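Hi,

Here is the structure I promised to pass on. Have a look at it, and then read my notes below.

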Amino acid sequence: MARHRIAAFRDCEAALRNRDLKQALYDAGKVVMEGVLLTLHGEEHSARRAVEVRVFRRNFFHYYERVVFPRTLAETLAPYLAAGGGDLLQIGYRLTVNLTADFAGIDRPTRSAEETERLIAITKKLGEGATLVHSTRDHAEVSAEVAAVQAELRDRFFLPSLARRRALLADRDAGRIADADLPRDVLMTLLAGNDELSLSEDQLLREIAFYLQAGAHSTANAVVHALWEMLEWTGDDKSRWARLDDPVFIQHCVHESLRLHPASPEAWRTATFPVKVAGIGDVAGQDRVELDLYLANCDRTIFGETADRFEPDREVPGTVLRSGLAFGIGLHTCLGRELDGGVVARPGADPSEAQLGIVTLILVELLRHGARIIPDDPPQRDAGTFRPNWGRFPVRFTAKGA
Ligand code: HEM
């Protein structure tokens, strides 16, 4: 088996759209990722994805951004505001674990701090298992820890959430409640569509565990990277600070930061049979194609001479997203893209009309409360992974009574 590597934006884009290339990044992370949407291929993938996108029915984004999330945001930030600051990664995880648990269909009956902390610990460990390929730790040790949290997730959270949804489905089938009364989440959607998919309880658990961690890490990291980039960019420039009063501009900053810090700096695919791949040529069956998404997102032929810098006002070609390939493209395009990223609004658009996305909503709130880095307690990188993530990110809230 040969390995090939591509890094040009258009080559990576074409490879992500190529149906003869199959997901391969998570082979080492099988303990978490086997048989979940992101690792399925062909018919099986399309059938599962077609059911899961049904979560987004009936005005989902509007409902989530305007009704569900503002409450979660206010509740989660309150203790940190009262304390004057906290670790932004911890804040990010508290926010996003609530987001992904809601989205995945994991009930949190007590809503206590202990319950949230356990879910965060489970989610972090599942993420470590999924991205084992990039882990600097002993792989067997990580796999054993992952198996333990999978069991905890099943017994404490998943089985009760499953039982509640099965009962609701029975109520719906008996005409006691309407379709619209069912929760809008992946587990509910999968149960309702399980005649088409026939997933076992074990497969349902894996899928839900995947959603829980996939959305949480990427969202928490996106928040931290964006704040870092925005604070670096503004520096002492008052005119730049003034621009951060505009949520639409903040959304542009978020997408520019996503481009520079893709959640996964690379994607891997294997050829299902001999195939031609742009940027490589002939690729034999079973060969691996590695896509350097970090470099692709800094491709000067697409993003200009300053491609590796944070420039939220940058012009991008009409066929390219501001976030580049940060949410993937093609078969496995991120299902959470619109939820997290919103729909990029034009400069000057009315923010109250825009679909800003969860990451921007979080940034707007952090900036409103004057979130700043603490000079004598600076952020530190995460040493447990080759991924360029932050391990600690202490912030102080400087705007009193905002
Ligand atoms: C800033 C936040 C996020 C980023 C940067 C991100 C990035 C990505 C990327 C790059 C992929 C494709 C991977 C590949 O092609 O190998 C992906 C897939 C996926 N993402 Fe996200 N993601 C984010 C948030 C979320 C959220 C919040 C959810 C769920 C609520 C989510 C659910 C998914 C799912 C289900 C897939 C698999 C789609 C498929 O295989 O068909 N993501 N994401």
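Before the rest, some ground rules. This is a predicted model, where local features need pLDDT of at least 70 and side-chain atom pairs count only at pLDDT 80 or more, while totals for chains, interfaces and linings use all residues. Residues are numbered from 1 along each chain as its sequence is written, and side-chain values use heavy atoms, with hydrogens and water left out.

Helices and strands

The helix and strand names come from DSSP runs, numbered from the N terminus (helices are H or I with at least four residues, strands are E with at least two). Let's stay with helix α16, residues 358–368, for a moment. Nine of its 11 residues are buried, so the helix is largely enclosed by the rest of the structure. "Buried" stands for under 20% relative accessible area, "exposed" for over 50%, and "partly exposed" for in between (1.4 Å probe, protein chains only). Among the buried residues of α16 are Ile358, Val359, Leu361 and Glu365.

Now find α5 (residues 88–104) and α6 (residues 113–130). Their axes come within 10 Å and cross at roughly 85 degrees. That makes α5 roughly perpendicular to α6; the label covers 65 to 115 degrees, with under 35 being roughly parallel, over 145 roughly antiparallel and the rest oblique. The axes are lines fitted to C-alpha atoms, for helices over the stretch in contact, and the angles run from 0 to 180 degrees between N-to-C directions. On the α5 side, Tyr93, Arg94, Val97 and Ala101 make the contact (heavy atoms within 4.5 Å). On the α6 side, the residues include Thr116, Leu119, Ile120 and Lys124.

His45 sits in helix α3, residues 42–52. With 6% relative accessibility, His45 counts as buried. Leaving aside residues up to four places away in sequence, His45 touches Leu37, Leu40, Leu331 and His332.

Salt bridges

A salt bridge here is a side-chain nitrogen of Lys or Arg within 4 Å of a carboxyl oxygen of Asp or Glu. By this rule the count comes to 37.

Glu290 is buried at 3% relative accessible area, whereas Arg5 is partly exposed at 44%. Both of them also belong to a network of salt bridges with Arg3, Glu266, Arg288 and Asp292.

Then there is Glu256 with Arg314, where the closest N and O atoms are 2.9 Å apart. Glu256 is in helix α12 (residues 247–260) and Arg314 in the loop between α14 (300–303) and α15 (337–341), so the pair ties together parts that are 58 residues apart in sequence. Both residues are buried.

Arg137 and Glu141 form another salt bridge, with 3.1 Å between the closest N and O atoms.

Cheers
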